[in-house]
2 protein chains.
Amino acid sequence: MARLQFWYEFASPYSYLAAMRIEEEALEAGVEADWRPFLLGPIFAKRGWKTSPFNLFPERGRYMRRDLERWAERLSIPFTMPDPFPQYAVRAARIALIAGDEGWNARFSKAVFLAEFSEGLDISRIDVLRGIVEDLGQDADAVMERIKDIAVKERLRAETAEAEDLGIFGAPTFVSPDGELFWGNDRLGEALRWTAGHN
Amino acid sequence: MARLQFWYEFASPYSYLAAMRIEEEALEAGVEADWRPFLLGPIFAKRGWKTSPFNLFPERGRYMRRDLERWAERLSIPFTMPDPFPQYAVRAARIALIAGDEGWNARFSKAVFLAEFSEGLDISRIDVLRGIVEDLGQDADAVMERIKDIAVKERLRAETAEAEDLGIFGAPTFVSPDGELFWGNDRLGEALRWTAGHN
């Protein structure tokens with residue numbers, strides 16, 4: 001089955017929208033999604049941006065909030081802006097890499113996104129993340145210990161470097177097997193059609 | 001008939017894509033498009049940007065070029081990046097306002113976009129603009145004289161200020177009768193459905 005890379009950032013609300021619908025839409029398109037968590041912060045920092053463009057450019061931030069509300073309504077999923085925004089998502093991303101190796105990352109990532117953008121929980125908090133890992137029936141003590149490993153930290157840096165090498169500058173970004181980039185939740189359908197070969 | 005405001009900037013390649021398809025898609029949706037030329041430069045300048053974000057952020061610029069190629073192929077329209085990019089579009093925008101008063105702006109604007117993004121012509125040039133006006137059967141001498149009028153210059157400034165007041169920060173942007181903003185060529189369908197009342 002053709003595979004579409006789904007590069008996402010836990011602090012990104014448009015990544016949330018994509019995460020909540022990619023499995024169903026990929027299935028319909030006959031495509032498999034590879035969940036690839038990464039960090040946008042280091043990429044934005046190279047532009048001199050210390051926070052999200054939605055904070056840097058207020059009129060764009062206002063537009064985004066309204067646009068997200070409309071999308072959430074259309075998809076019938078809850079949406080709330082987390083406070084603070086953007087959330088510190090490094091720990092969640094490290095857990096997602098571990099979960100990916102063990103086959104429970106899609107469930108973990110969706111649970112993190114829902115905690116953040118539906119329940120308004122602070123996903124920088126160890127207890128929130130631990131609760132999510134426990135709810136998935138995983139060994140939370142072991143996982144929360146492993147995110148302190150140098151190897152896991154390095155791995156996340158390498159994933160982020162790979163995203164940058166691919167030319168990724170925002171999230172979500174979908175990457176087809178032939179290296180085409182599709183930036184934005186609203187390009188998921190186009191990315192799936194491209195990957196399935198129905199252009 | 002419900003009316004959708006189509007705010008566009010002649011230097012913007014995504015405005016070109018929208019301009020080439022909005023009439024047909026609006027007709028299908030039972031919506032009328034109001035063509036509203038404006039200038040992005042003064043809005044970008046308030047962010048401290050002296051050129052297009054596609055020049056400021058090279059990886060985004062690369063993505064955009066590829067994305068535009070894909071869109072043009074899908075829509076079966078030609079596409080070439082003008083040199084220099086972005087083009088100086090102030091004169092074309094002034095003519096578009098005059099043309100709007102006289103009922104020939106959609107034809108004029110499409111002709112400008114095609115000259116720029118299909119033929120690669122420099123739309124800052126008086127002779128290029130004059131040729132387009134002549135080809136449309138208009139009095140080119142009179143029109144080219146009028147774009148020097150203070151009143152026309154003021155009018156374009158006022159239009160750009162109105163865009164900014166609406167919260168517009170990029171082009172194209174579609175604005176529904178109830179004040180909803182939809183940013184980007186890829187949101188045209190959504191804007192038309194919203195305006196037609198089929199959300």
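In this predicted model, strand β1 (residues 2-8) of chain A runs parallel to β2(A), and seven bridges link the two. Strands count as paired when DSSP finds at least two bridges between them. Strands themselves are DSSP runs (E, at least two residues), as helices are (H or I, at least four), and both are numbered from the N terminus. To find your way into this pairing, look for F6(A), which sits opposite W35(A) in β2(A).

Before moving on, a word on the ground rules. Residues are numbered from 1 along each chain as its sequence is written, while chains are lettered from A and ligands numbered from 1 in the order in which they are written. Local features need pLDDT of at least 70 and side-chain atom pairs count only at pLDDT 80 or more, whereas totals for chains, interfaces and linings use all residues.

Strand β2 (residues 31-37) of chain A is largely enclosed by the rest of the structure, because five of its seven residues are buried. Buried means that 20 or more other C-beta atoms lie within 10 Å of a residue's own (exposed: 12 or fewer; partly exposed: in between), with C-beta atoms placed from the backbone. Together, β1(A), helix α1 (residues 13-29) of chain A and β2(A) form a right-handed β-α-β unit: with the strands pointing away from you, the path from the first strand over the helix to the second runs clockwise.

Now turn to chain B. Its strand β1 (residues 2-8) is mostly covered, with five of seven residues buried. β1(B) also pairs with strand β3 (residues 173-175) of chain B, antiparallel over three bridges, and here W7(B) faces T173(B).
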